[in-house]
Amino acid sequence: MKKIKPTVLERSWILYDVGNSAFVLLYSTLLPLFFYELATTARLDEELYLSYWGYAGSIATVLVALIGPICGAIADQKDYKKLLFVISLICGALSCAALGFSWIWWIFLIVYILAKAGYSASLVFYDSMLPEVAPEERADRVSSKGYAYGYIGSVIPFVLCIGVFVCYYMLQIISMEIALLCVTSITAVWWIACSVPLIKRYRQTAFMTPTPHPIAEAFRELGRTLKHAKQHPNILWYLLAFFFFINGVYTIIDMAIAYGESLGLDSIGLLLALLVTQIVAFPFAILFGVLASKVRAGRLIKLCILCYAGIISFAVFLTAQWQFWMLAVLVGMFQGGIQALSRSYLTKIIPVERSGAYFGLMDICGKGATFLGMLLVAVVNHFLAGKVLNVFGISLGNENIAVASLLILMLLGYIFFCKADKLNQK
């Protein structure tokens, strides 16, 4: 098959993944460490550190889950998708920069919620651009390249941020406040810079009939979309499956560093392990995009779900630094594949003119799953604080037991996806 180079618009769309992935890497690695420093300074209970971080992430996901579908429906109207994308991008990037001045733990958490909400909202509009950016036969590859280049590209600002963190944490030649300001500024500038080509080149080509009352029409369109989904059970089953299985992916990504820190593992080692995740994820995300042209995407998603269940099981018994490194490699192998294929899978079963509304619903499922996963980990960790369970001769603390609760949700996700995929084959 002849290899087709990505178009200028496809490259611009992929580049935004490079930009926003830098923020993902920041909030899943360095920000929990800085929060730990702020929490320690304020003499918060170390047993509850993981819970506070989990609660903040849950609040951010709920905010976007509530507004995502309506904003997605508004975005389906002419000329609104880019506008809403830019607004959410600016909100997220400026809040990211503002974290550099948030030196009190509760203020830090509030600004973090705003930054993550802006980032998550921008993805509703960004993801819904995919059917307009790439034709259906190229959607899997373009989606996979977005995640792949996002992983490897975000390493550039992340290496700079690690250098700053080392100057503070190990060399102690700069203060924590200066280090925090530097890493958040580097990430915010990178995020915005990588967004410019997409903002410049994207033009909304698929939209609903314009209306003088876009917000009221958005509610009506959301109702029509829900009615459309009700008439297509394959879509409903897929969204339900996505709700459950994606929580394992997002929760592991969002809380990996916080989890490792709560187990007392070395901070620098944790950061380097997550850097390995990004490097490993690059070729494997590309690989899954290539495989999708030869193996049905549904089968690949099932494989990824099962492998992630295995990864979570391994994480439950994690007690040493080398095990965290193994976890990082395993996550990198399947993280990009399941995210990219889940995104492109939806584009193939929905009408393109309703992509904004449907990706808004998908965002509810994704953010709802993240909320449920993070809240589950936070609550179990909170109520089992100080408890130890002996399994196969291995002592499991409250943190380990909390992570084990995610397996139930992954199992449900697999069962529901099998149902959805069977309907989509008819």
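## A buried glutamate and its partner

E132 counts as buried because its relative accessibility is 14%, where buried means under 20% relative accessible area, exposed over 50% and partly exposed in between, with a 1.4 Å probe and protein chains only. The model is a predicted one, in which local features need pLDDT of at least 70 and side-chain atom pairs count only at pLDDT 80 or more, while totals for chains, interfaces and linings use all residues. Residues are numbered from 1 along each chain as its sequence is written, and side-chain values use heavy atoms, with hydrogens and water left out.

The side chain of E132 meets that of K81 in a salt bridge, at 2.8 Å from N to O; the term stands for a side-chain nitrogen of Lys or Arg within 4 Å of a carboxyl oxygen of Asp or Glu. Since E132 lies in helix α5 (residues 130–133) and K81 in helix α3 (residues 81–98), the pair ties together parts that are 51 residues apart in sequence. Helices (H or I, at least four residues) and strands (E, at least two) are DSSP runs, numbered from the N terminus. K81 is buried as well, with a relative accessible area of 0%.

Side chains of opposite charge can pair when their charged atoms come close. In one of them D421 pairs with R296, the closest N and O atoms being 2.6 Å apart. D421 lies in helix α16 (residues 406–424) and R296 in the loop between α11 (267–291) and α12 (297–316), so this pair ties together parts that are 125 residues apart in sequence. D421 is buried, at 1% relative accessibility, whereas R296 is partly exposed, with a relative accessible area of 31%.

D421 also forms a salt bridge with K302, for which the closest N and O atoms are 3.5 Å apart. This pair, too, links distant parts of the chain, with D421 in helix α16 and K302 in helix α12, 119 residues apart. K302 is buried, its relative accessible area being 19%. Through salt bridges that share partners, R296, K302 and D421 are joined into one network.

## A378 in helix α14

A378 belongs to helix α14 (residues 355–383) and is buried, with a relative accessible area of 0%. When its neighbours within four places in sequence are left aside, A378 is in contact with S51, G54 and Y55, contact meaning heavy atoms within 4.5 Å. The C-alpha atoms of A378 and S58 are 9.4 Å apart in space, although the two residues are 320 residues apart in sequence.

## A nonpolar surface patch

On the surface, I104, W106, I110 and L114 form a nonpolar patch that has about 390 Å² of accessible area together. Patches are made of residues with over 30% relative accessible area and no salt bridge, like charges being joined within 9 Å and nonpolar side chains (Val, Leu, Ile, Met, Phe, Trp, Tyr) within 5 Å. Accessible areas come from the Shrake-Rupley method with a 1.4 Å probe, and for residues only the protein chains shown count as cover. W106 is found in helix α4 (residues 105–128) and counts as partly exposed, at 47% relative accessibility.

## The chain as a whole

The secondary structure of the chain comes to 16 helices and two strands, and buried residues make up 58% of its 426 residues. Among the contacts in the chain with a separation of 6 or more, 85% are accounted for by residues 24 or more positions apart. The accessible surface of the chain comes to about 16,900 Å², of which 70% belongs to carbon and sulfur atoms.
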